[in-house]
Amino acid sequence: MSIESVKNYLARFGLDDRVIEFDASSATVAEAAADLGCEPARIAKTMAFLVAGRAVLVVVAGDGKVDNPRYKATFHTKAAMVRPDQLVELVGHPMGGVCPFAIRDDVPVYLDESLKRFDTVYPAAGTASSAVRLAVPELERSVQNFAGWVDVAKGWRTGE
């Protein structure tokens, strides 16, 4: 998959003009936030896990970290990331470009509650030098294979 496949996918929702391409890498939360001029928390990082032998994506706010007890309570297994060399095969995008658009049809996508506190967030768009600007309702409407909202992140709530 590529940025073109993400643009084509987002065109179905009238959102393809929201894709932003950068000259340098935006693969990390810090790099993406610097490129976009926004706070790191607004970067919607897409994390790929293995659940029962298949890939599952969870999109979390940039300042969130997976809370293992919450993850296990939700997915009934220990959090295990998809290996970088398996991402293209199991998800459809390379490391740094993993996003919830133009992915394999058998990959469910969950959005974490940590995203709901923002009007606009920025997930990747298929490459390590891209992002897409979306309002949270647009993100929910446009993610492929949307499976629901989860609460598996920590570190973003006050007092946590």
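Reply: What follows is a set of questions and answers about this model, which is a predicted one.

Me: Why is Val98 called buried?

Reply: Buried means under 20% relative accessible area, and Val98 has a relative accessibility of 10%, so Val98 counts as buried. Val98 is found in the loop between α4 (87-90) and β5 (109-112).

Me: Which residues does Val98 touch, once residues up to four places away in sequence are not counted?

Reply: Val98 touches Thr46, Leu57, Leu87, Val91, His93 and Ala124, where contact means heavy atoms within 4.5 Å.

Me: Why is Glu138 called buried?

Reply: The cut-off for buried is under 20%, and the relative accessible area of Glu138 is 16%, so Glu138 is buried. Glu138 lies in helix α5 and, leaving aside its neighbours within four places in sequence, is in contact with Leu15 and Arg18.

Me: What makes the buried residues of α1 lie on the same side of that helix?

Reply: In helix α1, which covers residues 3-11, the buried residues are Ile3, Ser5, Val6, Tyr9 and Leu10. They cover an arc of only 160° around the axis, and therefore they are on the same side of α1. What covers these buried residues includes β1 (19-21), β7 (130-132) and α5 (136-142).

Me: How do you know that Ser2 caps the N-terminal end of α1?

Reply: A polar contact needs a pair of N or O atoms within 3.5 Å, and a side-chain oxygen of Ser2 lies 3.2 Å from the backbone nitrogen of Glu4, at the N-terminal end of α1. Asp67 caps the N-terminal end of helix α3 (residues 68-75), with a side-chain oxygen 3.0 Å from the backbone nitrogen of Arg70. α3 is followed by His76, whose phi is positive, near 60°.

Me: How do you know that β2 and β6 pair, and in which sense do they run?

Reply: Two strands pair if there are at least two bridges between them, and 2 bridges join β2 (residues 43-51) to β6 (residues 120-123), which run parallel. In this pairing Ala44 stands opposite Pro123 in β6. β6 is also joined by 2 bridges to β8 (residues 134-135), and these strands run antiparallel, with Val121 standing opposite Leu134 in β8.

Me: Why are β8 and β9 described as standing at the edges of the sheet?

Reply: The open sheet is formed by 6 strands in the order β8-β6-β2-β3-β5-β9, and the pairing is mixed. β8 and β9 (146-150) each have a single partner strand, so one side of each is left without a neighbour in the sheet. For β9, the pairing with β5 is in the parallel sense over 4 bridges, and Trp149 in β9 is the bridge partner of Leu111.

Me: What makes up the lining of the largest pocket, and which residues lie nearest its centre?

Reply: A lining residue has an atom within 4 Å of a point of the pocket, and 25 residues line the largest pocket, of which Ala27, Lys45, Thr46, Gly96 and Val98 lie nearest its centre. The space in the largest pocket is about 440 Å³. At least two residues of the lining are supplied by each of α2 (29-36), β2, β6 and β7, and the largest share, 6 residues, comes from β2.

Note on methods:
Residues are numbered from 1 along each chain as its sequence is written. This is a predicted model: local features need pLDDT of at least 70, side-chain atom pairs count only at pLDDT 80 or more; totals for chains, interfaces and linings use all residues. Side-chain values use heavy atoms; hydrogens and water are left out. Buried means under 20% relative accessible area, exposed over 50%, partly exposed in between (1.4 Å probe, protein chains only). The arc is that of the directions from the helix axis to the C-beta atoms. A polar contact is a pair of N or O atoms within 3.5 Å; within protein, one must be able to donate a hydrogen and the other to accept it, and residues adjacent in sequence count only if both atoms are side-chain atoms. On a 1 Å grid over the protein atoms alone, a cavity is a set of points where a 1.4 Å probe fits but cannot get out, and a pocket is an open set with protein on both sides within 12 Å along at least five of seven lines; lining residues have an atom within 4 Å of a point. Grid points are joined across faces, edges and corners, and a volume is the space filled by probe spheres set on the points.
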